[in-house]
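Have the sequence and the 3D view open side by side, and let's walk through this one together. We'll take it piece by piece.

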Amino acid sequence: AMVFTATRGGAPRLMRRDLRTGHDEPLVKQGLMMQGGDDVSPDGQRLVYEERSDRGGYNLWTLPLQGPATPSLIRASPFNDFGFRFAPDGDHYTFTSDESGRAQVYVSRLSGVGKTMVSTGGGFDARWNRDGREIVYVASDLRMMAVPVRTAPAVELGTPSTLFAIANKRWVSFDMSPDGKRFLVIIPEVVGSEQPLTAFLNIAAQR
């Protein structure tokens, strides 16, 4: 099956497609606000998605992909929480929140409480290295940052370092190769409406 977000006569909603039959059905029966999938657990059993609340912010929810599709709120927060990514252990995770007044990356765990700030001067779009020993994220000044991390016996973060600067405008999305040495990036194309507008004045008078 494939999970995606679609707008079909209403707010964007999570849909599941049976790849054998092509049949689509809503994944979350309840909920009328905007929904977007974030990540699937390493064992393939749980989906985490973000949903816009009636207050206008975003909350993180988890949903079993087998059995009754009953959502559970991950964090009760009055702030915007989004950009969830599972660690390889399936318990720890990163997410972005504007709780501090600006977007920052945090690490937490599903089986515990509390959170630890990963970014220092603003950040978003965090990803885990496949060995679980490093978190990369985009800093607010569009530098790709890398932070060493240990999750056992407790979360311990190393010193952040800059991998490279993102020369293009903000990426739509990205991911890392299993060895953490390459990035797969989605970069939006420049369309006509984004091109600089040139106006010619007094054309008739110059003829």
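**A walk along the chain**

Let's start with a charged pair: aspartate 18 forms a salt bridge with arginine 20, with their closest N and O atoms 3.4 Å apart. A salt bridge here is a side-chain nitrogen of Lys or Arg within 4 Å of a carboxyl oxygen of Asp or Glu. Aspartate 18 is partly exposed, with a relative accessible area of 23%, while arginine 20 counts as exposed at 78%. Those words have cut-offs: buried means under 20% relative accessible area, exposed means over 50%, and partly exposed is in between (1.4 Å probe, protein chains only).

Before going on, a word about what you're looking at. This is a predicted model, in which local features need pLDDT of at least 70 and side-chain atom pairs count only at pLDDT 80 or more, whereas totals for chains, interfaces and linings use all residues. Residues are numbered from 1 along each chain as its sequence is written, and side-chain values use heavy atoms, with hydrogens and water left out.

Now for the wider view. The chain holds one helix and 18 strands; both are DSSP runs numbered from the N terminus, helices being H or I with at least four residues and strands E with at least two. Of the 207 residues in the chain, 36% are buried. The accessible surface of the chain comes to about 12300 Å², and 53% of that belongs to carbon and sulfur atoms. Such areas come from the Shrake-Rupley method with a 1.4 Å probe, and for residues only the protein chains shown count as cover.

Three strands make an open sheet in the order 1-2-3, with antiparallel pairing. Its edge strands, strand 1 (2-6) and strand 3 (24-26), each pair on one side only. From one strand to the next, the twist averages 35°; the axes behind such angles are lines fitted to C-alpha atoms (for helices over the stretch in contact), and the angles run from 0 to 180 degrees between N-to-C directions. Strand 2 (residues 13-17) pairs with strand 3 over three bridges, and two strands pair if DSSP finds at least two bridges between them. What is the bridge partner of arginine 16 in strand 3? Look for glutamate 25.

Side chains join in here too. Aspartate 24 forms a salt bridge with arginine 17, the closest N and O atoms being 2.7 Å apart. Aspartate 24 is buried at 17% relative accessible area, but arginine 17 is partly exposed at 28%.

Next along come strand 4 (residues 35-40) and strand 5 (residues 46-52), paired in the antiparallel sense over five bridges. Glutamine 35 stands opposite glutamate 51 in strand 5. The hairpin of strand 4 and strand 5 has five residues between the strands, and there glycine 44 takes a positive phi near 75°.

Further on, arginine 75 forms a salt bridge with aspartate 81, at 2.4 Å between the closest N and O atoms. Both arginine 75 and aspartate 81 are buried. Searching the whole structure turns up eight salt bridges.

Last stop: tryptophan 171, in the loop between strand 16 (161-165) and strand 17 (173-176). Is tryptophan 171 buried or exposed? It's buried, with a relative accessible area of 11%. Leaving aside neighbours within four places in sequence, tryptophan 171 is in contact (heavy atoms within 4.5 Å) with Met144, Phe164, Ile166, Val185, Ile186 and Ile187.
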